[in-house]
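Student: I have a new structure open and would like to go through parts of it. Can we take it piece by piece?

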Amino acid sequence: MITRLIEREYVFVRTSNSYLKEMLYSELADVVGREDITGNEADKAAYSCDYYWIPEMWLDRGCPNPTADFIVHPETAEEVSRILKIAGNYKIPVVTWGGGAGSQGGALPVYGGIILDTKKLNRVLNVDRDALSITAETGIITQHLEWELEKEGLSTMHYPASISCSTLGGFLAHRGTGVLSTKYGKIEDMIMSMEVVLPDGKIINTLPVPRHAAGPDLNQLFIGSEGTLGVITKATLKLHPLPEDRQFHAFIFKDMHAAMQAGKEIMLSRLNPSVIRLYDEAETKKLIKRVLGIDKKGAYLVFGFEGDKEIVEIEKKRAIDICRKQSSEDLGSEMGRSWWEHRYDFFYPPHMFALPQAFGTLDTVATFSNIENVYWAMKRSVEDNFPEAAYIGHFSHWYEWGCMLYARFIIDNPPQDPHEAAHLYNSIWNAGVRAAINAGGVLNEHHGIGLKLGRLMKEQYGEAFSIFEKIKEAIDPNNIMNPGKMGFKGA
């Protein structure tokens, strides 16, 4: 296969015996050492697939995925800088890779080039007990970061389901969130400052505090940019003492609407739960029964509070009173605690959906005025147009003004033909996401855009998308950073 990347009459030819490719290898090896660069077929195949269903299906059907030319493992921001300068000189793509657990195809090397694996940028640099902050390199696996902090009685309180297999940088790249986001916020709420390597190799640092009037907040420019504007190599995050007490409580409501009313009142009453999670009737029947052993009809709702024990007791009692006003069955604290202890089981075998099934997470977020309409609009769009698909959902992350819908479609027997399977999969995404947007939701809440949803970015933003394009062109004029993602043009 020969791919030509043409810019100002310059041609870089990818072939197995290309002299230019050998020159590129030599230059990259000069930066990181031969032990930190590979181009063998096994490694390239490993980096050609993340948790996005289509490349998984593609491999399952015997079809090769696009691969990078080289995978490099820098150990410092300075090495990242030199790599980006080389890539800019050759005008070839660079795709940043963290843990490879993304579900949107955001780290796939669809135009070849260089995979920049950050996992050797994994040091904890400083824990500031006066400011309660931590500075760490962004290639660190988030669970490793938490283990270090637990020794100090501290935590970021960022507990996503992929905590054991995703990097800090990965969560920054797509605005990730954790189980306790209702109290502590999403990753963008936790960041104080960052170090970023720009596409031209410049290393910049944002301001040392996240609240200021010295112009726009550069943190928020790079958070959520999915590697299209540069490489985040270091970040300082806020910390919290581990709570004295952490309590949970669970209810079964007659239906999702009654449970939603209770959850909404808890938030509008300005109680401060660490988590609220509400499962619709279908997911309660399917997954709550399987994972937690609760075999009841209705919608399962669990909430938690944490902090000073006396305050936790007061807040939990008020939340229980709110839930009891609706048509509900009190399952007690034990069934709430069971959810916390098994909270990650939903996302791993044997409970998680996997091939040969086709599945997708249609996550969105809306205000309390719109969120139920979004749920029903999305459900109708999937079930009415694709009778082979089942639809389930839960509401994972709650805010003062609304909450997030983690809806999923599942097809037990998708087409065997890879082209038919991909067409069906993308058609369901088109229908579900458009239904959500039309009902007041947004394209995505915390998994990101990547390759999967890029085609819909202009529909979401309209003319405002041109602002993103101008920022991308200004920062990355050679378009080397993760081209073809987030709705930006390809290489």
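**Loops, helices and backbone**

Tutor: Let us start with a loop: L132 is found between β7 (124-128) and β8 (133-137). Keep in mind that this is a predicted model.

Student: What is the phi of L132?

Tutor: L132 has a positive phi of about 50°, although it is not a glycine. Most residues other than glycine have a negative phi.

Student: And is L132 buried, partly exposed or exposed?

Tutor: L132 counts as partly exposed, because its relative accessibility is 25%.

Student: Where does N479 lie, and what is its phi?

Tutor: N479 lies in the segment after α17 (465-475). Its phi is positive, about 55°, and N479 is not a glycine either.

Student: Buried or exposed, that N479?

Tutor: N479 has 10% relative accessibility, so it counts as buried.

Student: Now helix α14. Why does its length agree with what a helix should span?

Tutor: Helix α14 has 15 residues, 371-385, and at 1.5 Å a residue these should span 21 Å. The end C-alpha atoms of α14 are 21 Å apart, so the two values agree.

Student: Which residues of α14 are buried?

Tutor: I371, E372, V374, Y375, A377, M378, K379, S381 and V382 are buried in α14.

Student: What covers them?

Tutor: The cover over the buried residues of α14 includes the helices α10 (256-268) and α15 (418-438). It also includes the strands β18 (358-367), β19 (390-398) and β20 (402-411).

Student: How do α10 and α14 cross?

Tutor: Their axes come within 11 Å, and α10 and α14 cross at roughly 150°. That angle makes α10 roughly antiparallel to α14, because angles over 145 degrees count that way. The crossing of α10 and α14 is right-handed.

Student: Which residues meet there?

Tutor: From α10 there are M256, H257, M260 and Q261, and they meet I371, E372, Y375 and W376 of α14. By class, this contact of α10 with α14 has five nonpolar, two polar and one charged residues.

Student: What about α10 and α12, how do they cross?

Tutor: The axes of α10 and helix α12 (residues 309-325) come within 9 Å and cross at roughly 145°. This crossing of α10 with α12 is right-handed. On the α10 side the contact is made by A262, E265 and I266, and on the α12 side by A319, I322, C323 and K325. By class, the contact of α10 with α12 has five nonpolar, no polar and two charged residues.

Student: Last one, S48. Where does it lie, and is it buried or exposed?

Tutor: S48 lies in the loop between α2 (41-46) and α3 (53-60). At 4% relative accessibility, S48 counts as buried.

Student: What is S48 in contact with?

Tutor: Leaving aside neighbours within four places in sequence, S48 is in contact with P55, N65, P66, T67, L108 and P109.

Conventions: Residues are numbered from 1 along each chain as its sequence is written. This is a predicted model: local features need pLDDT of at least 70, side-chain atom pairs count only at pLDDT 80 or more; totals for chains, interfaces and linings use all residues. Side-chain values use heavy atoms; hydrogens and water are left out. Helices (H or I, at least four residues) and strands (E, at least two) are DSSP runs, numbered from the N terminus. The expected span of a helix is 1.5 Å times one less than its number of residues. Buried means under 20% relative accessible area, exposed over 50%, partly exposed in between (1.4 Å probe, protein chains only). Contact means heavy atoms within 4.5 Å. Axes are lines fitted to C-alpha atoms, for helices over the stretch in contact, and angles run from 0 to 180 degrees between N-to-C directions. Angles under 35 degrees count as roughly parallel, over 145 as roughly antiparallel, 65 to 115 as roughly perpendicular and the rest as oblique. A crossing is left-handed if the near helix is turned anticlockwise from the far one by less than a right angle, and right-handed if clockwise. Ala, Val, Leu, Ile, Met, Phe, Trp, Tyr, Cys and Pro count as nonpolar, Asp, Glu, Lys and Arg as charged, and the others, Gly among them, as polar.
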